[in-house]
Amino acid sequence: MGKIEHYLLGMDCGTTNIKAVILGEDGSIAAEASLPSRFLHPGPNMQEQDAVEWWSNAAYIIKTICEQAGPEAVSRIRGICVSSHTVTLLPVDAGGNPLREAITYQDSRSGAELEYILNEIGRERFISMVGGQPAVSFLPNKILWFKKNEPELFAQTAYFMQASSFISYKLTGVMTTDIDQASRTQCMDVSTMDWSDEIGSVIGADLHKMFPPLKAVDEIIGTVTKEAAAQTGLPSGIPVLAGCSDAMASMFATGMGRLGDAGESSGTTSLIFVGSDTKSAPDIPVVTRPCPVDGMPWIFDAPLLNSGSALRWFIETMGVSEWDYADSHNKDVFAYLNEIALEAAPGANGLFFFPYLLGERAPLWNDYARGMFIGMGMDMQRSELVRSVFEGTAYALRHVMETVRQAGGKADILRICGGGAKSRTWSMIKASMLKIPVYVLDEHSGDVPVGDALIAGHKAGVFPDLPKAAERIVKVKEIIQPDDAWAKVYDQLYPYYVDMYRHLDQDLKNLKQTIEHM
């Protein structure tokens, strides 16, 4: 390709930093920059961030990348899409001014309010409405806490916003709520894809009025204003999309573009994406959300809480010998673990590792699950212990994938990006565990702002054929096929993984309650 005629700007407001890229139509990164986000801890179980700081950092980052890319490239930016961590409670007044710091999804101060809501509505009824398991991460309980504890500020609140919608508002002057993040708030009835009157009645808030208008992820909500242009260095008039959660942008960053593609953003935790041509029932462990990909109107996205973190835990608590050997031989300890794991036979001689070190999200959705090794014997080899950790996280992945497939998800290949994609051993195990090819993406793929830029480019017509654009921009480093012999072993052992946890579930719940009252 000759001279680049079109550029896109993607930005993600993550929990730890805000990052943005200017992406060329050929997939080249013309500029990128980031700044850390500061956490505030005003009290026990409280996690907040400053929305004013979000915007000041975002404006500085945009100005920085505009200077890096140069005026010629900046003049050719055809669209902007912003994603963010979710869900957040940011109350703003009628002028769009934050009334207090944003309460983030990690904040757990509103546990009593959640219990009140569930008692009023009924747990099963609540789940059937919101399409997910209740947790303090979500907004109904946070809104109720805000109303009870800060009534004067609640009375001044015109809207509740998300981090991405606030930044997009500062760019355009238009307040919106994207449908992706709306579906994650647990304030929406997923059967109607509209705000729940029943939940609003219980918490004493008119949700239809207290959230800005709903918009599709890729809907153009406005253009960069002259005021925003002066603060960022952007030309005024660039179209800005409604945006989405960082999870949705991550999906695009894996290069998923066709029904049958599945994706894993594999890091400390993992996000699993599987497309569907039908909407799921609302009361199952993993539910669909609207998806803007042509031919893939619905997407399952399922978070695994312990992925790379389980490997790091093993190294830091049980892998002293591996760490010492790797250090003395000038090797990377993770690479050395990959070698050791391959010394053991598939199935690790019947040793199972359950990676629920912090509880588990999909598909268990509980915080009382615990990490376990089951099946140790006097003949256990060190290599089997290491391999069981890799396999345990892959069993957890299969548990999610089978749950999703039973609900209508289509997965013929798995595209993996992030730190987990660096482990070939892990990818070999996953391919054999799922019995589908694993497409290992290169280290430059999977960056969330690139996913945002792809969304913007598709809407702007820069990438009319999104699958082809994804193939060109999101590079596949290697395709790993399942090992038939390994797959046969995992087919025999996987039912034990599911059944053993199921048999222990109530005991683990009782154990947690006992320890809490000791």
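These questions and answers cover salt bridges and one surface patch in a predicted model. Local features need pLDDT of at least 70 and side-chain atom pairs count only at pLDDT 80 or more, while totals for chains, interfaces and linings use all residues. Residues are numbered from 1 along each chain as its sequence is written, and side-chain values use heavy atoms, leaving out hydrogens and water.

Visitor: How many salt bridges are there?
Guide: A salt bridge is a side-chain nitrogen of Lys or Arg within 4 Å of a carboxyl oxygen of Asp or Glu. Glu48, Arg100, Asp107, Arg109 and Glu150 are linked by such bridges in a network. By this rule the count is 29.

Visitor: Which residue forms a salt bridge with lysine 19?
Guide: Lysine 19 lies in strand 2 (residues 17–24), and its partner is 428 residues away, in the loop between strand 23 (438–441) and helix 18 (448–460). Strands (E, at least two residues) and helices (H or I, at least four) are DSSP runs, numbered from the N terminus. The closest N and O atoms are 2.8 Å apart, and the partner is aspartate 447.

Visitor: Is arginine 424 buried, partly exposed or exposed?
Guide: Buried means under 20% relative accessible area, exposed over 50%, and partly exposed in between (1.4 Å probe, protein chains only). Arginine 424 has a relative accessible area of 43%, so this residue is partly exposed.

Visitor: What is the N to O distance between arginine 424 and glutamate 478?
Guide: Arginine 424 is in helix 17 (residues 424–434) and glutamate 478 in strand 24 (residues 476–480), 54 residues apart. Their side chains meet in a salt bridge, N to O, at 2.5 Å.
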